[in-house]
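Hi,

Here is the structure I promised to pass on. Have a look at it first, and then read on for what turned up.

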Amino acid sequence: MMAPPSTSSSSRFSAWLQLPTVGVVLGILMFTVAITAFNGELTTVRTQGADNTVTLPILVYPDDGQSSHIERVTVNASDVSSVDSLYFQMHQPSYHLGGVQTDEQDGFDTEGAASIRLNDGPWIDVRNNTVDCPPPESRHGCVGGTSATIRFTLPASASGALQDGANTIDFRFNGTDGIRSGYRVLGIGFMEPGDPDARDFDAYADDYNGDGMMDGVIDGTTWTWDDPSNWTSPSDGNASNGADLWSQRDILVNGTDESITASCSSCHLKDGTDLKYFGYSNRSIVSRARFHGLSAQQGKDIAAYIRSLTLQTEGGTTYDPPGRPWDPPFQPGPEMLGSNQPADEGAAAYWMAGAGLRWVLDNQREQPNTERDMLAHIFPKNGDPSQGIDYIESGPHAGDLNWRHIHMDSTLNLRRIPLAVQLPDWNNWLPDVHPLDFHPDMTSTAPWSYLNGEFSQLVDNDDAGDANWAIRSFRDKTREIGWPKSIDGASMIGSPTDNEVALARLSSQQWITIRVLNALFDNHLFDNAGEEYCNYQEQDYHSWCEPRSWLSGSRMLFQLGPHVNGTLSGDPEYGYGDRAHSVHMTHLWYHAQLIVNPGARDPGGISPVDWNYQQAFITGPHPTALRTLTSSVTKWQLVSNKLGNNPEKSTRFVSSWNPGGFRWTFLLSDLSPSWRGLSHNTTGKVVEAAFRTWWHETKSYDPSSFPRDAESDPRIFDHEDIEIKPATNVPEWESQSRYYQAWRSIADDHGDELAGVLDSMTTWAGKMWPKGNDESLMGDYPTWDEIIDYTPSDTTSQNITLTSGWNLISSRLTPSDGSMDVLFSDVETDLAIVQNQQGDAYDPTSSSNSLETWDDSQGYRVYMTTDRTMTIDGTALESPSLTLNEGWNIVPYYPSSKMPVDDAFASIIDKVDIVKDQAGNSYIPARGLDEIGSLQPGQAYKVYVSASTSFSYP
């Protein structure tokens, strides 16, 4: 039996103001409040379940927020003869990552906060050597790792013997570490060998995996979930007194009974709305109040105040608490908690609640808890992920993923695509210590003065521009005083340990983040950010505008990552005990930043981070390829949407050929572990989809005019004289070799799937860097042209953009099915008419059409009632010869990339009087007029020739 950890601390600064990892049970049947001895301390015991009803979550925390405590539940099972494992799901059954008890780099033991026993058997401490976690929790440290909520099993024989009928399970919290006050139990199960493994096990009262029943042998027990919408104030609580206590300074103590300056409102949302919003119960509030030295009555008064708060949307509609303490804020998924609508469609107020752990741990999916679940959201059948994955149904590529869903003409919405990882929960957002308790002169600093002056005035103006300026200015003020790097022991109150210094650095950023979130949430500013971003400083940085975004270009969440703010002393990369956990936590915060600030870094700073850099923190043998894919595709789509390859509007971070912006190695390296959960064939098809998406944009740039980066940066393909010198093991800094090695590797492993697209890409690269085709330079390595020698695929696809009004279109493909009703079926609801040069027409609403099939040798006039994109599947044409009649012709365009108009018609330039595109722009060679520039794939052109002639594209 373990002893509670020491709670000694060397400094007054340890103002632990986080609410505990304890929860939300009120009004359930509780009885037998016993007092028992445990290691010399008083241990309270609460019991529920004697009436065959158990309310979840089970809260394992003491009345005073510090002592050890036992929760006892009774569950029933008719036949336990074949049970071999006990299953549990818990929220934060560990001590605080980073703790304050020691200065050793990894000396603090986060494990052992929780213990379990069955039917009065021996206690089993919840440690990584006693329990078994399934993935993904097992990959991220399990107990005490980076996942706040974990599932685990332990042998049924580890504690007491199971029995038919009633069984008692005791959950013990082993006393505070100076920060934690307890944990929650979210699920219990008795598992048989035939049950799903712990990753897929359904131990809930609700049907989470869609099979119509709970797993395991527990029966005769009714499971209910406590509902915050039913909670009322404590009968003897005084809300007015609670409001005063909430904002009053110098009345609290920390976990070692040292006085602290900060108030409750200093670290939470100022009015306590976060406790209401995320469903913290009266009991948890009272417990934490007592942890901080207040009386039980004062705790009840604060609870009464929180219950008196009202949650309202911007339109004034009231709503019930949508979040829960274990559901991470802004967690992506198809629908937000409370609204059951996507983040960008439902009321903005629900966005902060996130999609919930139901889209991480307990989704109705083919392979739960693997990234395979993302496939249906990246390639949705009929545009609906619930219908499954969209595969090509016929032709040579039947069974392939329909890659057009991640085409450059679309935009992945990563707020709707679920992740197989948990973002940090709300407790991870709250400061461990407030600046008032580590900064000796905080109230005289520029950030403090600005926050309590101009900042408040600007964010209350209901103007996104003013709020954006206020938030950025607030962040700038903290940088003026050098935070967080300037925070050290000499600049702090008392004599802090190295761990406390590191925690103060982290807490400074948490405080900044909470204050900004407070302003955004209270003033309903989530809805206004997109408008502000669209035309920042009167420049069109985005060709699309996000309906949800945090204002300001400050990367606040990213700076919560351990590589910026370590929670332990020493190298910040080891802030969570080891490098792997620290890097993963950095990735989680960075991904959260990209959820609240989508986009890519740009010169205006309006979008503070970029998707490519986030990939650098997806490390280790984890199945993360689809997460990397979506990040890469999002990056490329931003490039296509005019954020990249334009020196006047972009930096090198958005160049698709820059190693900082084009990270094939993160997508393709170490394929075996990275793609776990996907078949070899599916892996190849996912990579093919990614390549075709990227190549669709890249091929539009002629190598001779491609905007190269500055020659001063040696990491980049900055000029055509770069010598590609591949090596067997390419060091990270030898960026010029990354592409070569990545393509060579993927060609060796998935050549059959990739075929033509790899050949096209390496041909382009050979023109871009011709020395890569010089055999004298390549030694034993093949040239660009020799990397892959596959025959291009027989069938491919072409997306054609259709705008509202008249369009001139053509295709470089012979359609697999040339019937007009088939070709235009995807857009027929918005299609008015299709006409060829002779005036034959196809009208989808008419039963009599003179135009029935597609002719490769023609271009077509198409009238649309709204903007759409059509896709043609077929076989590539070899630029056949065309006959142009004297006068006007509608000429199709066959090349796969754009071409200058004068180059295209150079062979018949003496006969070309005028060329017009669908927008009415003209090319008149006799006058030297060129309004068109380059011909584009998918379009057709009106060409007037002075005499009939034959014509082929060069």
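One definition before anything else: buried means under 20% relative accessible area, exposed means over 50%, and partly exposed is whatever falls in between (1.4 Å probe, protein chains only). By that rule Q92 is buried, with a relative accessible area of 4%.

Some housekeeping next. This is a predicted model, in which local features need pLDDT of at least 70 and side-chain atom pairs count only at pLDDT 80 or more, while totals for chains, interfaces and linings use all residues. Residues are numbered from 1 along each chain as its sequence is written, and side-chain values use heavy atoms, with hydrogens and water left out.

**Overall**

Buried residues make up 60% of the 954 residues in the protein. There are 21 helices and 30 strands; these are DSSP runs numbered from the N terminus, with helices being H or I of at least four residues and strands being E of at least two. As for contacts (heavy atoms within 4.5 Å), residues 24 or more positions apart account for 73% of those in the protein with a separation of 6 or more.

As background, most residues other than glycine have a negative phi, and most peptide bonds are trans. Back to Q92: its phi is near 55°, a positive value in a residue other than glycine. Q92 sits in the loop between β6 (85–91) and β7 (114–118). N52 also has a positive phi, about 65°, although it is not a glycine. You'll find N52 in the loop between β2 (41–48) and β3 (53–56), and at 35% relative accessibility N52 counts as partly exposed.

Then there are the cis peptide bonds. One runs from P135 to P136, with omega near 5°, and P136 is in the loop between β8 (124–125) and β9 (149–155). Another joins W483 and P484, where omega is about 0°; P484 belongs to the loop between α8 and α9 (498–522).

**A helix pair**

Helix α7 (residues 446–459) and helix α8 (residues 464–480) pack at an angle of about 180°, with their axes 9 Å apart. Axes here are lines fitted to C-alpha atoms, for helices over the stretch in contact, and angles run from 0 to 180 degrees between N-to-C directions. That makes α7 roughly antiparallel to α8 (angles under 35 degrees count as roughly parallel, over 145 as roughly antiparallel, 65 to 115 as roughly perpendicular and the rest as oblique). On the α7 side the contact residues include Y450, L451, F455 and L458, and on the α8 side W469, I471 and F474 are among them. By class, this contact has 12 nonpolar, 2 polar and 4 charged residues, where Ala, Val, Leu, Ile, Met, Phe, Trp, Tyr, Cys and Pro count as nonpolar, Asp, Glu, Lys and Arg as charged, and the others, Gly among them, as polar.

**Two sheets**

Two strands pair if DSSP finds at least two bridges between them. Four strands, in the order β16-β20-β18-β19, form an open sheet with antiparallel pairing. β16 (805–809) and β19 (841–842) stand at the edges with a single partner strand each, so one side of each has no neighbour in the sheet. β16 pairs with β20 (residues 860–864) over 5 bridges, in the antiparallel sense, and L808 stands opposite R861 in β20.

The other open sheet has 5 strands, ordered β23-β29-β25-β26-β27, and its pairing is antiparallel as well. 2 bridges join β26 (residues 922–924) to β27, and Y923 stands opposite D930 in β27.

**Salt bridges**

With a salt bridge taken as a side-chain nitrogen of Lys or Arg within 4 Å of a carboxyl oxygen of Asp or Glu, the count comes to 15. R416 is worth a look: it pairs with D344, the closest N and O atoms being 3.1 Å apart. D344 lies in the loop between α5 (296–308) and α6 (375–378) and R416 in the loop between α6 and α7, so this pair ties together parts that are 72 residues apart in sequence. R416 also meets E345 in a salt bridge (2.8 Å, N to O). At 27% relative accessibility, R416 counts as partly exposed.

Elsewhere, R72, R117, D120 and D170 are linked in a network of salt bridges. Within it, R117 and D120 meet at 4.0 Å, N to O, and R117 counts as buried at 19% relative accessibility.

Cheers
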